[in-house]
Amino acid sequence: GPSARFPSAVSGKPRACIAPTAMAPKKKIKVAEGKAVGAPPEEEEAAEEAPAAEAPVVAATAATEAPAVAEEPAAASAQGGEAAPAVPPPVAFIMPPPPAVPVFIEEEDASDDKRAKLKETIGFNIVDTTLNVMPGSPNMLMTLNEGALQYLLAGARANVGMKKGRYMFEIKIIEFLNQIEASGNNRGPLPKSLLRIGVSTGGSFPLLGDTEESIAFDSEGYLVCNRKRDLVSQKFGPGCTIACLVNMDEKSIHANTISLFRDGVRVAKPQPLPDFLKGKVLYPTVTFKSMTVHTNFGPEPCTPLPFKCKTLQEAANVDVEVVTWKEPKDGKYDVLFPVCLPDEGTFEWLDFFLASNPQYTELSDRKLFDWAMRSGLWRPKNNRSSNDRPDMNLGIPQLDDGSVKSLLAIAAASQRRPMIIMEVKGNLTKKDRTDMVKNFRVPHFRKVAWVMVGDPDDKFKVHTVEKALQDKHAAAMAALEARKVEKARQKQFREQQRKLEIAKKRAERIRQLAEEKAAKAAEDAAKGLETAEDVEMKEGEGEGAAAEKAPEPAAEAEVKEDEIPDEEMEVEEPEEAEEEPPKVVLTDDEKHDWFRKSTPIPDIVPSTMSATFSTFTFPDKDEGFDQLDYKWKNAAESEAYLRQWTLERKVTTRIEDLQPSDYFREKLQKWQKDLQGWHSKHMEFKDPAKRAALFSAKRASVAKASEEARLKKEAAAKGKKKDSEAKKDDKEAEAEAMKALEEELERQEIDVFGVEDINDIAHGEPLFFNFAYEDWTLLGLRFELHLLCHSFKNDCNDKDRTAFAPEHLGFYYTKYFKKSLIPRNFSQEKIEDLLDMVKDTIAQVGKVIEPQITDDLETNDVFVKLTEESRRERQRRIDSGDESAKLQFVVVAQASQQPALGASAKSKSVSQHPGVYPGAPNMGMTGGKGFDKGCGKMVMPKIQRPVFASKAQFVPPGSDGGWGDGGGGGGGYQQKGYGKSSGKGKKGKSGGYNNKGGSYW
């Protein structure tokens, strides 16, 4: 128990611990205060009088006398009781005393220092405070608390830092400003008021505890450093004086530590400084929230410490470093407006500039977001939509909508400090620039615009190359570490496999040896030989020991460990040579990539970029600027660069808010009307009876013309010609008739572009007579892409933006036609392949898509002619054996497409049956021919009737309702509903057009 492991709290004597191997019944031996309990009373008294040094002797005595205690039961058995088993004597040992707890040694009094003391008065430079800090009376700090500013921590860093020695400074909370706070997205309740007191390095952001550049105690009793919190002290609040002691005296036993005192009493032992802060100049810093604080740097402390310690104001000059801030000679502070193009060195240049000019205070959404994160706010997702306008998503309206930045701009205008306003879009837009400049129209500010576009200056180029080399080296080292981890994992896996194999072979070897030994024992038993076990057993029987019958020899076969030979595979795997750190170099392209980004986050989100980039301009003095500088290129070159950049973005950036105009709707309506007429003509000419009547009328017309010509010639001759001449005239008439027939046969080879009427190229036959589903689909695609290109140019109303890139074709097609353009529906894999199918109408020229037909067409016949010409060329390739020329498009259901103008959206789709080619989407065309042999017989019970067909349109059960050898009628529309699509025999009737919409059967 605990009493046997530690010394007595009263006597301090080590406690003896007896560990018996067996104890006598009803006899307990316990140790306390160095005596053996259970021994005779006189021995217990002697043990009580023995000093601590004699404890081992007492324990030994107890050990030697233990057998006497065990003899009592033996005597009892001699008097007639049963004999008790022999009890071995207990073993006693002494536990060593625990190590002594080190006694805390307080700091020593400071000695008199005759060195020159600090002359400058310690305070706070305005450039070393956050924008929400309002300096009051000397060393009094207040914070803004309106418009969600109460959620942001305030920080201030002193202008004097410590290099060595031991010094203190004090802070006192004057008042709490209890503001009503919304819950936001905080994972837990945050304290409404908070104070942190500590030190930080120069040039760092004056908020303590969230980076390795600072360390501090907070009012909740925690030591915070690099986002780690350790509970090391007590809480403190208003009314008490808090002293922070920084010990950087190498001669002190508490060197490189930081301590905390409350009202002169130590509440935290010296805490070691992180290695990163050792040897650096550390500046007193205070971070607070919703409170007013007063700082005291000396010369006298408000509350003395338990030992004599100097305040920082009493420090020697050689122990401190002073940061001076000189006001400009003309009294004007610069407010810089960097004007950079998106993703061309914007925030990379800003970080580079602030590293060498820490006196500037950044005001941007990026900085505000980082400030909110450092203040303890939290958001569900840690993804930033853009660098210029991060997606706050903090759950606090004033922070999420950016109104806090406007309040900070107003606060900055009342402070005398240099500012840098970093807004990528805002600094490129005239209205945003003018609104921001208005905040700084005060006498002590000079508004300066720096235009930086094109190739950067040499300093930034050198910085970019160095940063690229560092990033590449870091990536190479990370890859090296990953390879090492993978090699170690593989080696461990191989070692495990090797050990497993050894274990398997070892077990197999043991089994073999056991079998050999058992076999040998059985053989010896068969020969009548005695085994070593039999001899031992007989000897045991001779001595009178209890023995049992020996088991069979085979069952007793055991293998000893030394009988197993070592395996050759026990040899360790040789160690691999350590891979040397990689040596990286930059390629020529990497050396000239001045605007490389360390993260994939864009400066401006694509939607905002596409809507505003065409309005980007450079500032001028009419907007309120006092100075306008072109840093990388002169004014003319910068304007030309912006012009070229804008043109390139107009090609590569899509317009998110583009909407179809009346021009598009009028053209589309006219096209649908023409297309409906062509479908009707196509259906009429597909009717065999009508087609035969047309051909009969043509033949009669030709015969009548021949007869009239013959009679005319006979009348002209007036009987003067002989019979031979009459026969000659008959031959000429027949020749003319044959010529007319030849012309009829040659109509198939007519020049499609010379046709005046596409609805009647000969005898009422339309030019599109042989169109199949694929031809009608390509006809519609030609017109749609043609209309899309011209509508885009018309609706953009931008002379510099007359076309779009191929990668945006699907986006604009969906926006205009309300349906998707899927290349797979046309048996193509990519948009480029789809454009190649209609290259006679639309083609890619450079980086954009250009129409090949003008928009001043009187009719839409040209698209039919182009489609027929393409069909004939494809048919010639098929006739010559080119199977790749065949088209097999994916049939798109009617319901998945946008209804045509004037059609009802309540149309229902019907599944396609074999033997029917459906009409082109949205067009109501008839189906083509069915398969050669159709479906054969088909029974259609009443339960399978389409919901919109009339009773007369059904095939009764049991009748021949399938499509015949010649194919069924097509999928057109009918005024009364759905047209008949099947019938008895080889021909089925086709439905007419229904202006209420429908689907295809």
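I counted rings of Phe, Tyr and Trp (its six-membered ring) as a pair if their centres lie within 6.5 Å. The model I searched is predicted. Over the whole structure the search returned 34 aromatic pairs.

**Entry: aromatic pairs**

I looked at W671 and F783 first. Their ring centres are 4.1 Å apart and their planes 5° apart, and the pair is stacked. I checked where the two residues sit: W671 is in helix α14 (residues 662-686) and F783 is in helix α17 (residues 773-796). I found W671 and F783 both buried.

I then followed F783 to its other partner in my notes, F863. The planes of these two rings stand at 90°, with 5.5 Å between the centres, so I logged the pair as edge-to-face. I noted F783 and F863 as buried, both of them.

Which residues make up the aromatic cluster? I listed W671, W678, F768, F771, W776, F783 and F863, which form one cluster.

**Entry: charges over rings**

I looked up two cases of a charge over a ring. The charged end of R229 sits over the ring of Y222, at 3.9 Å from the ring centre. K631 lies over the face of W450, and here the distance to the ring centre is 4.2 Å.

**Entry: helix α4**

I turned to α4 and its packing against α6. Helix α4 spans residues 365-374 and helix α6 spans residues 403-413. I read an angle of about 100° between them, with the axes 11 Å apart. Angles of 65 to 115 degrees count as roughly perpendicular, and that makes α4 roughly perpendicular to α6.

Which residues make the contact? From α4 I wrote down D365, L368 and W371, and from α6 V404, K405 and L408. By class, the contact of α4 with α6 has four nonpolar residues, two charged and no polar.

Next I asked how many residues of α4 are buried. The count is seven of the ten, so α4 is largely enclosed by the rest of the structure. I listed the buried residues of α4 as D365, R366, L368, F369, W371, A372 and R374. I also looked up what covers these buried residues, and the cover includes α3 (346-356), β22 (361-363) and α6. Just after α4, I noted that G376 has a positive phi of about 95°.

**Entry: K119**

Is K119 buried or exposed? I found a relative accessible area of 75% for K119; exposed means over 50%, so K119 is exposed. K119 lies in the loop between β4 (91-94) and β5 (124-129). I also checked K119 against A315: the two are 196 residues apart in sequence, yet their C-alpha atoms are 9.4 Å apart in space.

**Entry: whole chain**

I ended with totals for the chain. I counted 20 helices and 29 strands. Of the 1001 residues in the chain, 41% are buried. I then took the contacts between residues at least 6 apart in sequence, and 73% of these join residues at least 24 apart.

Definitions and conventions
Residues numbered from 1 in each chain as written. Predicted model: local features only at pLDDT ≥ 70, side-chain atom pairs only at ≥ 80, totals over all residues. Heavy atoms only, no water. Axes fitted to C-alpha atoms, helices over the stretch in contact; angles between N-to-C directions. Helix = DSSP H or I, 4+ residues; strand = E, 2+ residues; numbered from the N terminus. Parallel < 35°, antiparallel > 145°, perpendicular 65-115°, else oblique. Contact = heavy atoms within 4.5 Å. Nonpolar A, V, L, I, M, F, W, Y, C, P; charged D, E, K, R; others polar. Phe/Tyr/Trp six-rings, centres within 6.5 Å; stacked < 30°, edge-to-face > 60°. Buried < 20%, exposed > 50% of the residue type's maximum accessible area, 1.4 Å probe, protein only. Lys NZ or Arg CZ within 6 Å of the ring centre and 35° of its normal.
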